[in-house]
Amino acid sequence: MTDIHSTIADTKNKSVRQEYILYAIIWTVVAIFPLITELREYSYESQFDWHPVLRWWTGMIPLLLLFLLHTHVLIPFLLKKRRNLYYALSVSALLVVIGVATAELDRHHREHFESRGKISSYVEGPQKPMHSGRHLPDSHAGHRPPPHVKHHGLFPFPVIFKIILAVLMLGINVSISLAFNYNREHAARRDLENFRLQEELKYLKQQISPHFFMNVLNNIHEMVEEDVSKSQDMILELSQLMRYVLYESENNTTTLASESKFISSYVGLMRGRYPDDTVKINLNLPEQVSANIYVPPLLFISFIENAFKHGVSYMQETEIDINLSESDGWIQFDCTNTIPVTTLSKSDKGGVGLANVRRRLDLLYGDKYSLQIDEDKRYSVKLIIPSI
């Protein structure tokens, strides 16, 4: 569970960083907005006026403090914990504080301009310099009117405007925070589900190994009584198969070439047990396979095991056909065997191996695979999967 907890923590930290980066971008745009405005409006003047820029930044300080408090305290400790009443009261109180602070700043600016005898400029606003030949009054000659006394008509009621701006900011803040929080929770659920599926796949693959070895050992046990030297050769071949099963089953994928070689070895092992005149085995595997074609390990062996387990009879001639091919990234596996007269009951066919294969296919491919099983005159399996 340590790995999944670490994965969820990494995903959450990445999402938090992305959220804070977005906030930083937004506040950076807000900060440079007055600079762009002044550069655009006064690009023809010789001197850049920092007064409106500083006044904008000063006016944004209460909003920035409100944002920080709202992001790091109110949202995580009140809103996300569904303490809606406390959240609403806290936001209302902060908006009152913002209104009072804005009123004080506005009063301070008014007193400042009144003390300099420019209250009329503050109320009505001077006209911008014209390039049409009009001359400004002497009191404005030789320098640009201070931007802090300009009136753009955008802020007729500074306090009301600042409160409205604060409400919009809080709304955007809540929207962004909840959106990222939803994505984090969705990602955590997805990681947990993936972890559960991986654990289930691991469990299914662990079941394949003992099931496979049990069948092979039973075959070797029967061969010991008939031919000791042949059973010894089968044990050596089994050791090679065990190495593949033990090591490749730990991986999520293996090359189609490796899986084909494993199937060939297993079928060769089975050929040594049955006489050719009683059991006819046809095996067709791709001669050349691209190196980038991958499949889940031990996916086809359960079908082949069932063919030998349920399709072979010493009382009548039986036949097993195994075909594996690849075309345009799609892999087709066909396995067909005769159904002996003395076959097992239908409920016994397949066993644990086939049930595991079905579940693995569902987990790995969802609805992107095709599995057809026909039990009419011959037992046939047709599986089509995309390469991984």
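Is leucine 298 buried or exposed? At 1% relative accessibility, leucine 298 counts as buried. The legends below describe close-up views of a predicted model.

**Figure 1. Leucine 298 and its loop.** Leucine 298 belongs to the loop that links strand S3 (294-295) to helix H8 (301-311). Most residues other than glycine have a negative phi. Leucine 298, although not a glycine, has a positive phi of about 60°. Because its relative accessibility is 1%, under the 20% limit for burial, leucine 298 is classed as buried.

**Figure 2. The five-stranded sheet.** Five strands build an open sheet with mixed pairing, and their order is S2-S4-S5-S7-S6. Strand S2 (279-284) and strand S6 (370-375) are the edge strands, each pairing on one side only. From one strand to the next, the twist averages 5°. S6 and S7 are paired in the antiparallel sense through six bridges. Isoleucine 373 stands opposite valine 381 in S7. Helix H7 packs on the sheet and touches S2, S4 and S5, and its direction makes about 165° with that of S2. Helix H8 also packs on the sheet, touching S2, S4, S5, S6 and S7; the direction of H8 makes about 5° with that of S5.

**Figure 3. Strand S5 and its two partners.** Strand S5 (residues 330-338) is mostly covered, with seven of its nine residues buried. Eight bridges pair S5 with strand S4 (residues 318-327) in the antiparallel sense. S5 also runs antiparallel to strand S7 (residues 378-386), and nine bridges join these two strands. Asparagine 337 in S5 stands opposite isoleucine 320, and the bridge partner of asparagine 337 in S7 is tyrosine 379.

**Figure 4. The hairpin turn between S4 and S5.** S4 and S5 form a hairpin in which two residues lie between the strands. Aspartate 328 has a positive phi of about 55° although it is not a glycine. Because its relative accessibility is 72%, over the 50% limit, aspartate 328 counts as exposed.

**Figure 5. Packing of helices H6 and H7.** Two packed helices are described by the angle between their axes and the distance between the axes. For helix H6 (residues 228-248) and helix H7 (residues 256-271), the angle is about 155° and the axes are 10 Å apart. H6 and H7 are therefore roughly antiparallel to each other. The crossing in which H6 passes H7 is left-handed. H6 contributes Met234, Glu237, Leu241, Tyr244 and Val245 to the contact, while H7 contributes Ser258, Glu259, Phe262, Ser265, Tyr266, Gly268 and Leu269. By class, seven residues in the contact of H6 with H7 are nonpolar, three are polar and two are charged.

**Figure 6. Packing of helices H7 and H8.** The axes of H7 and H8 cross at roughly 15° and come within 11 Å. H7 and H8 are therefore roughly parallel to each other. H7 passes H8 in a right-handed crossing. On the H7 side the contact is made by Phe262, Ile263, Tyr266, Val267 and Met270, and on the H8 side by Ile301, Ile304, Glu305 and Phe308. The contact of H7 with H8 has eight nonpolar residues, no polar residues and one charged residue.

Note on methods:
Residues are numbered from 1 along each chain as its sequence is written. This is a predicted model: local features need pLDDT of at least 70, side-chain atom pairs count only at pLDDT 80 or more; totals for chains, interfaces and linings use all residues. Side-chain values use heavy atoms; hydrogens and water are left out. Buried means under 20% relative accessible area, exposed over 50%, partly exposed in between (1.4 Å probe, protein chains only). Helices (H or I, at least four residues) and strands (E, at least two) are DSSP runs, numbered from the N terminus. Two strands pair if DSSP finds at least two bridges between them. Axes are lines fitted to C-alpha atoms, for helices over the stretch in contact, and angles run from 0 to 180 degrees between N-to-C directions. Angles under 35 degrees count as roughly parallel, over 145 as roughly antiparallel, 65 to 115 as roughly perpendicular and the rest as oblique. A crossing is left-handed if the near helix is turned anticlockwise from the far one by less than a right angle, and right-handed if clockwise. Contact means heavy atoms within 4.5 Å. Ala, Val, Leu, Ile, Met, Phe, Trp, Tyr, Cys and Pro count as nonpolar, Asp, Glu, Lys and Arg as charged, and the others, Gly among them, as polar.
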